[in-house]
Each structure stands twice: as structure tokens, then as C-alpha cells.
Amino acid sequence: KYAANKTIKRFEKFVKNGCVNVVPLLAILKAEQLSCVSVNCKQRYKNEVRAAYDNAIREARAANLVHYEALATEKAGLVLLEMQFEQEQATAYLSRAIEL
């Protein structure tokens, strides 16, 4: 957890200093961190986790970084499957990741 927080802080500094290519990676890291925290509180955090991954997907798409978009989309699908929520949406995320 400490290493994740440290990395996120470092990436936030990069973004603050104008390194826009880091924005999608930062969004993915934040989504991943939230998905790890929420494992024991599935019901409480499912909407926040999905929103965090959706944000990561949007950021990657806006930066035209298709490989990061595919990664974020795949991870969103896998996390939703793991959390045992929204199986149809999880499948849709995974299908979209394959298409990318």
C-alpha cells in the first residue's frame, strides 16, 4: 500500500509539472488501488470502482493511448467479475478490451 501511494504521489507531481502522458497511467493506478481496498467491502465500493475504471478508460482514449485503454477496460471487467457484480457489464468490458 505504501509503495502504491508513493507511486501515485510521484505521478501526480508529473501531471502537475505538465506531463500529460502520465494522466491515463495515474487514472489506472488509482482505479487499481481502489479495487484492492474494496475487496472486503464489495457492495459499498462497486460504483466507485467502476467509475474509477471508466475514468481511466476515458483518459486513455482522450490521450489516444489505445493500449492503456485496452488495459483499463480489461482490468475493469476482471475486477467486476471478481467482485461478483454486474456479470453482463463485466463481460462487455472484457469483450471491448479484446476488440481494442
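This is a predicted model: local features need pLDDT of at least 70, side-chain atom pairs count only at pLDDT 80 or more; totals for chains, interfaces and linings use all residues.
I start with R50, which counts as buried because its relative accessibility is 18%, where buried means under 20% relative accessible area, exposed over 50%, and partly exposed in between, with a 1.4 Å probe and protein chains only. Residues are numbered from 1 along each chain as its sequence is written, and side-chain values use heavy atoms, with hydrogens and water left out.

R50 sits in helix 3, helices being DSSP runs of H or I with at least four residues, numbered from the N terminus. Once its neighbours within four places in sequence are set aside, R50 is in contact with L80, E86, Q89 and Y93, contact meaning heavy atoms within 4.5 Å.

The side chain of R50 also makes a polar contact, at 3.1 Å, with the side chain of N47; such a contact is a pair of N or O atoms within 3.5 Å, where within protein one must be able to donate a hydrogen and the other to accept it, and residues adjacent in sequence count only if both atoms are side-chain atoms. N47 belongs to helix 3 too, which covers residues 42-62, but N47 counts as partly exposed because its relative accessibility is 46%.

Y93, one of the contacts of R50, is buried in helix 5 together with A90 and A97. Seen down the axis of helix 5, these buried residues fall within an arc of 60 degrees, so they line one face, the arc being that of the directions from the helix axis to the C-beta atoms. On the other side of helix 5, E88, I98 and E99 are exposed.

L80, another contact of R50, is among the buried residues of helix 4, which also include A72, V79 and M83.

Which residues touch the most other members of the largest nonpolar core? Of its 17 residues, they are V49, Y53, A56, A72, V79, M83 and Y93, a nonpolar core being a set of buried Ala, Val, Leu, Ile, Met, Phe, Trp, Tyr and Cys residues joined through side-chain atoms within 4.5 Å. Helix 2, helix 3, helix 4 and helix 5 each supply at least two residues of this core, and the largest share, six residues, comes from helix 3. A56, for its part, is in contact with A27, I28 and A72, leaving aside neighbours within four places in sequence.
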